[in-house]
Amino acid sequence: MLSSRTEEDVMLMAHRETLTGLVAEYEELSRTATAHRTPDMLRRLDDIAYILCVSTGTRDVHAALLAARHQLRDARPGGRSARVG
């Protein structure tokens, strides 16, 4: 049976470990950048924010973090199962 899904229905999702690492690194850099701002640190924070947005299909880092946490919760054993197919 052929699926009636179109390309618009499909969203790639970041690998769970990758997403976990991005969220952790963003949160750590956010805490550190508040106290010790350096141009390199702020650039890395911007880079991670961009990657999180692309990985979650969002346009704002706060929405990206929310979406990432939601995806990670759903991917955990005992969490809601991820929608497949």
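Begin by selecting Ala 63, which is partly exposed, with a relative accessible area of 33%; here buried means under 20% relative accessible area, exposed over 50%, and partly exposed in between (1.4 Å probe, protein chains only). The model is predicted, so that local features need pLDDT of at least 70 and side-chain atom pairs count only at pLDDT 80 or more, while totals for chains, interfaces and linings use all residues. Residues are numbered from 1 along each chain as its sequence is written, and side-chain values use heavy atoms, with hydrogens and water left out.

Ala 63 lies in helix H3. Helices (H or I, at least four residues) and strands (E, at least two) are DSSP runs, numbered from the N terminus.

**The whole chain**

Of its 85 residues, 27% count as buried.

**H1 against H2**

Select helix H1 (residues 16-35) and helix H2 (39-56). Their axes come within 10 Å and cross at roughly 145°; axes are lines fitted to C-alpha atoms, for helices over the stretch in contact, and angles run from 0 to 180 degrees between N-to-C directions. The crossing of H1 and H2 is left-handed, a term for a near helix turned anticlockwise from the far one by less than a right angle, with right-handed for clockwise.

Among the residues that meet here are Leu 22, Tyr 26 and Leu 29 in H1, and Leu 45, Ile 48 and Leu 52 in H2. Contact means heavy atoms within 4.5 Å. By class, the contact of H1 with H2 has 13 nonpolar, four polar and two charged residues. Ala, Val, Leu, Ile, Met, Phe, Trp, Tyr, Cys and Pro count as nonpolar, Asp, Glu, Lys and Arg as charged, and the others, Gly among them, as polar.

**H1 against H3**

Keep H1 and select helix H3 (residues 61-75); the axes of H1 and H3 come within 10 Å and cross at roughly 140°. H1 and H3 are therefore oblique to each other: angles under 35 degrees count as roughly parallel, over 145 as roughly antiparallel, 65 to 115 as roughly perpendicular and the rest as oblique. The H1 residues that meet H3 include Arg 16, Val 23 and Glu 27, and their H3 counterparts include Leu 65, Arg 69 and Leu 72. The residues of this contact divide into eight nonpolar, two polar and three charged.

**H2 against H3**

Now show H2 with H3, whose axes are 9 Å apart and pack at an angle of about 55°. That makes H2 oblique to H3. From H2, Ala 49, Leu 52, Cys 53 and Thr 56 take part. The contact of H2 with H3 has eight nonpolar, two polar and no charged residues.

Within H3, select Gln 71, which is buried, with a relative accessible area of 12%. The C-alpha atoms of Gln 71 and Thr 56 are separated by 8.7 Å.

**The core**

Finish with Tyr 26, Ile 48, Leu 52 and Leu 65, which have the most contacts inside the largest nonpolar core, a group of 17 residues. Such a core is a set of buried Ala, Val, Leu, Ile, Met, Phe, Trp, Tyr and Cys residues joined through side-chain atoms within 4.5 Å. H1, H2 and H3 each supply at least two residues of this core. Centre the view on Leu 52: not counting residues up to four places away in sequence, Leu 52 touches Leu 19, Leu 22, Val 23, Tyr 26, Thr 58, Ala 64, Leu 65 and Ala 68.
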